[in-house]
Amino acid sequence: MDNLAKRLSQYKPEKKLQPRIRTEGRLVRMVGLTLEAVGCDMPVGSYCNVETADGGFVEAEVVGFSSDRTFLMPVGMAEGLKPGGRVTPNEKALNIPVGPGLLGRVLNGIGEPLDGRGPIAAKDTTSLHGKIINPLARKPIKETLDVGIKAINALFTVGQGQRIGLFAGSGVGKSMLLGMMTRFTEADIIVVGLVGERGREVKEFIEEILGQEGMARSVVVASPADDAPLMRLRAAMLTTSVAEYFRDQGKKVLLLMDSLTRFAQAQREIALAVGEPPATKGYPPSVFAKIPQLVERAGNGNEGTGGSITAFYTVLTEGDDQQDPIADATRAILDGHIVLSRRLAEEGHYPAIDVEASISRVMPQVVSGDHLKLAYSVKQLYALYQQNKDLISVGAYSSGADPAIDQAIALMPGIKQFLQQGLKDNVDIVSSYQQMYQALNMAPSGATAEQAQGAG
């Protein structure tokens with residue numbers, strides 16, 4: 001008996017187990033997008049179910065609290081809610097199924113399939129919030145990523161693990177440019193996040209811009225503009241989580257998010273609804289805290305893993321204002337930005353990349369000295385021509401007055417031809433360099449300012 005008692009004592013828990021108490025609250029107020037409940041002992045970020053009049057429930061997230069009241073934000077449509085409705089904790093796991101079965105699929109902001117092809121076949125799961133990587137443990141950016149766009153490959157070379165902003169107003173071809181990159185890039189996996197866009201554009205992007213070729217190695221997360229702000233916020237986070245999963249598998253991932261501005265606007269709606277004061281042009285401080293938290297999750301993985309996330313985030317510039325608060329904030333934390341010009345788009349110049357306003361901050365680390373020197377020459381000649389374009393157009397400039405301007409005028413037809421590309425033309429990084437070299441070494445002999453006025 002003593003031996004039995006001694007053996008049983010080995011299984012005695014070291015600390016006293018506390019019973020789990022299931023707390024329930026009730027809905028007392030609904031104003032706009034915000035639900036207020038009392039009796040809910042749940043931390044910020046947890047999930048709950050709010051009872052509806054027909055006996056169903058609406059899923060919501062705890063976004064704040066004040067005194068004895070808890071602020072909730074519905075994930076989907078808040079229909080059928082009633083005063084005094086029960087609020088119960090939702091212990092559903094926040095992990096999203098991930099794996100190779102995601103390729104070719106279209107998901108919503110909470111990982112549910114939208115394409116009608118049944119449930120996702122995946123064994124692994126991932127969190128919406130991802131894991132923080134020590135910046136000193138990240139693999140440095142040393143290799144190029146071929147995106148198939150010769151102007152970007154040659155003048156704004158992208159490195160594996162770089163994060164770039166695509167700054168554009170409406171209707172200047174950003175979606176077309178993203179679609180070209182999905183089809184032409186050398187990345188292993190492409191993850192596309194369509195956040196807050198028009199519902200019509202979601203299907204068009206998948207069927208017409210991505211196509212079967214691009215969709216075969218892509219995962220699309222879509223949350224159109226009519227979704228609740230929390231769903232749009234989740235869509236951006238899920239897009240990044242899926243990209244992180246494939247990066248951790250050693251894959252080269254291209255992440256395309258359209259758009260980061262809609263993500264910021266969704267956070268603004270949530271923050272204002274719970275009473276956060278607006279700070280910069282109507283944007284609360286939490287918006288400018290959320291953006292770097294999302295963007296910093298992209299990039300290279302730990303040393304030795306071999307995986308990378310090269311991210312392109314579109315940023316909508318309202319009224320083509322490059323000093324928009326969101327544009328200004330994202331420009332400071334990204335590794336470069338490509339600006340699309342409305343003037344060039346109206347001239348039929350595609351892709352409408354503004355050479356003077358764009359930059360890749362990691363380009364000097366991933367290309368040769370000759371490549372960098374040649375790219376700088378193209379930019380300088382292009383900028384010099386644009387500065388004197390008005391004088392050249394009206395014939396006020398006399399040939400021979402400035403040898404540098406004469407050279408810019410002579411080379412401009414070739415440079416402008418080099419900067420344009422058809423929607424179905426794939427130009428790799430080696431060919432991009434060769435075409436840039438030819439543009440600087442194939443000026444028409446004896447070209448004068450008067451003969452080249454049509455170049456602008």
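Domain bounds, as used below, come from an automatic or database domain assignment. The model is predicted, so local features need pLDDT of at least 70 and side-chain atom pairs count only at pLDDT 80 or more, whereas totals for chains, interfaces and linings use all residues. Residues are numbered from 1 along each chain as its sequence is written, and side-chain values use heavy atoms, with hydrogens and water left out.

**Exercise 1. The chain as a whole**

Describe the domains, the dimensions and the secondary structure of the chain.

Solution. 
- Step 1: Domain 1 covers 25-89, domain 2 covers 95-366 and domain 3 covers 371-441.
- Step 2: Along the principal axes, the C-alpha atoms occupy a box of roughly 105 × 55 × 40 Å.
- Step 3: The chain has 14 helices and 17 strands. Helices (H or I, at least four residues) and strands (E, at least two) are DSSP runs, numbered from the N terminus.
- Step 4: Among the 456 residues, 52% count as buried. Buried means under 20% relative accessible area, exposed over 50%, and partly exposed in between (1.4 Å probe, protein chains only).
- Step 5: A contact requires heavy atoms within 4.5 Å. Of the contacts in the chain with a separation of 6 or more, 73% are between residues 24 or more positions apart.

**Exercise 2. The interface of domain 2 and domain 3**

Determine how many residues of each domain are in contact, and which residues supply 27% of the area that domain 2 buries against domain 3.

Solution. 
- Step 1: The C-alpha centres of domain 2 and domain 3 are 30 Å apart.
- Step 2: At the interface, 26 residues of domain 2 are in contact with 27 residues of domain 3.
- Step 3: Buried area is the accessible area (1.4 Å probe) that two parts lose on being put together, summed over both. For domain 2 and domain 3 this is about 2,300 Å², with 60% of it on carbon and sulfur atoms.
- Step 4: Lys-150, Leu-155 and His-349 supply 27% of the area that domain 2 buries against domain 3, more than any other three residues.
- Step 5: A salt bridge is a side-chain nitrogen of Lys or Arg within 4 Å of a carboxyl oxygen of Asp or Glu. Across this interface, zero salt bridges are found.
- Step 6: A polar contact is a pair of N or O atoms within 3.5 Å; within protein, one must be able to donate a hydrogen and the other to accept it, and residues adjacent in sequence count only if both atoms are side-chain atoms. Between domain 2 and domain 3, twelve residue pairs are in polar contact, both residues being at pLDDT 80 or more.
- Step 7: On the side of domain 2 that touches domain 3, α2 (150-155), α3 (174-184), α9 (342-346) and α10 (363-366) each supply at least two residues. The largest share, five residues, comes from α2.

**Exercise 3. Two residues in their surroundings**

Is Ile-152 buried or exposed? Which backbone oxygen does the side chain of Asn-300 reach at 2.9 Å?

Solution. 
- Step 1: Ile-152 is part of helix α2.
- Step 2: Ile-152 is classed as buried because its relative accessible area is 0%.
- Step 3: Leaving aside residues up to four places away in sequence, Ile-152 touches Val-147, Thr-157, Val-158, Ile-338 and Ile-353.
- Step 4: Asn-300 belongs to strand β14 (residues 299-300). Its relative accessibility is 3%, and therefore Asn-300 counts as buried.
- Step 5: The side chain of Asn-300 reaches the backbone oxygen of Lys-139 at 2.9 Å. A polar atom of the Asn-300 side chain also lies 3.3 Å from the backbone oxygen of Gln-160.

**Exercise 4. Salt bridges**

Find how many salt bridges the whole structure holds, and examine the pairs of Arg-69 with Glu-36 and of Asp-248 with Arg-247.

Solution. 
- Step 1: Side chains of opposite charge can pair when their charged atoms come close.
- Step 2: The whole structure holds 17 salt bridges.
- Step 3: One of them joins Arg-69 to Glu-36, with the closest N and O atoms 2.9 Å apart. This pair links distant parts of the chain, 33 residues apart: Arg-69 is in strand β5 (residues 69-74) and Glu-36 in strand β2 (residues 34-38).
- Step 4: Arg-69 is partly exposed, at 31% relative accessible area, whereas Glu-36 counts as buried, at 11%.
- Step 5: Asp-248 and Arg-247 meet through their side chains in a salt bridge (3.7 Å, N to O). Asp-248 is exposed, at 53% relative accessible area, while Arg-247 is buried, at 2%.
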